[in-house]
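My entries follow in the order in which I made them.

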Amino acid sequence: MTGALEARLGVRRGEFELDAELRLVPGTVLAVVGRNGAGKSTALAALAGVTPLSSGRIVLDGALLDDAGAGFVPPERRPVGLVLQQPALFPHLTVQDNVAFGLRTGGAPKAEARDRARAALDEHGLGDFADRRPAQVSGGQAARIALVRALVRRPALLLLDEPLAAIDAELRPALRASVRAVLDSFPGSAIVVTHDIADAEALADEVVVLDAGRVLQRGPLGVLRAEPSDPVVSRLLAGAAPNAASGA
Amino acid sequence: MIAPAVLGGVLLAGPLVALLVRAPWERMGELLAGPVVLPALGLSFGTAFASTVVCVVLGVPLAAVLAGSDGWPRAVTRVARAVVATPLVLPPVVGGIALLLLLSRTGLLGRPLFAAFGLTIPFTTAAVVIAQAFVGLPFLVLSVEGALRGVDARFTVAAATLGASPWATFVRVTLPLAAPGLAAGAVLSFARALGEFGATITFAGSLPGVTETLPVAAYVALTNDPGSAIAIAVVLVVVALAVLLALRERWLTGLRA
């Protein structure tokens, strides 16, 4: 089991300030929920190394990734996978070469990387799409391919930013189940950013409620439901997704 | 409204119509294979190809630097941009004179080059390529820079989190996604190079087979061998139309945008 995370994330951007502590036990899944502008995506960007910290520190499995100073490890050298809401499959590569991409950057020879990519796609029931271009797969398939692409690198920590938000509502439960299955077999830990409580309920062991850059409350979903610390928490957990329409 | 519009159309299309009507079509094959046109044809396509390669090799890094220049002080980016765009608005003859002042045996850079290596650049085929690259480079740089800026940041973020260094991300993701812009820029700079006259005749002269490209040959031939001049003009029109055709999507959408 990997993915022990100790992080205090301080990011300043104009008026907005994120100041949030996140802790993860290896092998667990944490959902981060909150309204638009709560700082959810900023938190993921800081963990992935896309946005450097302005204060705080990130330690993953004992290794320092960022201390808001000289300790900054760039994204390409972090054992962290990131799957964006828009899956961002490279349009000029086939599905198989998309999955092989992260193995090639790790130094695997081309043939070996392609073989391993193919095996990973087969394992997740996506082998039929190996030779297609991203433009030729559905949104749900693209989301699953992006997940496989991040997982073949065996990251210690997997970050999912609204993995189901771009998917049609009627297809979401099935895809949610397949994401759940993938996360169950994943030895690292994961953070799922979502505005949909159903995602948090299905995928996560614990929930963090983020608002205006601060952690309002954290705990198992049942506890948060029973004893919300703040009206924002109870509103968010009421099931209605306050920003579902805008999708960000 | 109608009359000036028609007049405008005539101004644009009329010269081409006249050229095509008056071209000595029955002698075209003979003229193109003749001693005036054929060497110029080979030289022109050879040098235009070489200068396009120079533009790509120098222009892609330049475009990449400019595309990543948002963090620079404003004054610096403005100056850099002005330097890149200058050949677009500079009279080509001025470009030729400036190149002479830089690269002639007494020039700023030419003097040490001659002293150290005995190298003389003006009035050689290399000078033709340099003159063409000078006028063609802005097309390549501006086209590629626009294409690089148009690449969605999601792809570069995804590449980085998949272990790609900034260099690997550029080579394997950003540049392939900007390939249409690179192709368009290369075609434009090739076309510009093929039509280059002012800087070439000033900086490289008109030595048949060495520096006499198609436009230079056409100009030289016009007084005593107008048939050859017109044949060359027809060739250049055909190339221009081919370029227009190759880039039709781009300039159509460019004009709409």
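Entry one, a helix pair in chain B. I looked up the handedness and found that α7(B) and α10(B) make a right-handed crossing; a crossing is called right-handed if the near helix is turned clockwise from the far one by less than a right angle, and left-handed if anticlockwise. Helices here are DSSP runs of H or I with at least four residues, strands are runs of E with at least two, and both are numbered from the N terminus. I note that this is a predicted model, in which local features need pLDDT of at least 70 and side-chain atom pairs count only at pLDDT 80 or more, while totals for chains, interfaces and linings use all residues. Residues are numbered from 1 along each chain as its sequence is written, and chains are lettered from A and ligands numbered from 1 in the order in which they are written.

I then took the geometry of the pair. Helix α7 of chain B covers residues 125-149 and helix α10 of chain B covers residues 179-195; they pack at an angle of about 160 degrees, with axes 8 Å apart. That makes α7(B) roughly antiparallel to α10(B). The axes are lines fitted to C-alpha atoms, for helices over the stretch in contact, and the angles run from 0 to 180 degrees between N-to-C directions. Angles under 35 degrees count as roughly parallel, over 145 as roughly antiparallel, 65 to 115 as roughly perpendicular and the rest as oblique.

Which residues meet here? On the α7(B) side I listed, among them, B:Val135, B:Phe139 and B:Leu140, and on the α10(B) side, among them, B:Leu182, B:Leu188 and B:Arg192. Two residues are in contact if their C-beta atoms, placed from the backbone, lie within 7 Å. By class, the contact of α7(B) with α10(B) holds twelve nonpolar, seven polar and one charged residues. Nonpolar means Ala, Val, Leu, Ile, Met, Phe, Trp, Tyr, Cys and Pro, charged means Asp, Glu, Lys and Arg, and the others, Gly among them, are polar.

Entry two, α3(B) and its partners. Helix α3 of chain B, residues 37-67, packs on α7(B) at about 40 degrees, with the axes 6 Å apart. The two are therefore oblique to each other, and their crossing is right-handed. I counted 20 nonpolar, seven polar and two charged residues in this contact.

For α3(B) and helix α13 of chain B (residues 226-246), the axes come within 11 Å and cross at roughly 30 degrees. That makes α3(B) roughly parallel to α13(B). The crossing of α3(B) and α13(B) is right-handed. B:Val37, B:Ala40 and B:Leu41 in α3(B) meet B:Ser228, B:Ala231, B:Ile232 and B:Val235 in α13(B). The classes come to six nonpolar, one polar and no charged.

The C-alpha atoms of chain B fill a box of roughly 65 × 60 × 35 Å along the principal axes.

Chain A has eight helices and ten strands. Its C-alpha trace spans about 55 × 45 × 35 Å along its principal axes. I checked the radius of gyration, taken over C-alpha atoms, against the globule rule of 2.2 Å times the number of residues to the power 0.38. For 248 residues a compact globule would have a value near 18 Å, and chain A agrees with 18 Å.

Chain A is divided into domain 1 (1-79 + 155-248) and domain 2 (90-154); the bounds come from an automatic or database domain assignment. The C-alpha centres of the two domains of chain A lie 25 Å apart. Their contact takes eleven residues from domain 1 and ten residues from domain 2. Helix α5 of chain A (residues 172-184) gives the largest share of the domain 1 side, four residues. That side has ten nonpolar, one polar and no charged residues.

How many residues does each chain bring? Chain A brings 18 residues and chain B 14 residues. In chain A, β6 (80-83) and α2 (95-104) each supply at least two residues of the side that touches chain B. The largest share of that side, three residues, comes from β6(A). Its residues divide into nine nonpolar, six polar and three charged.
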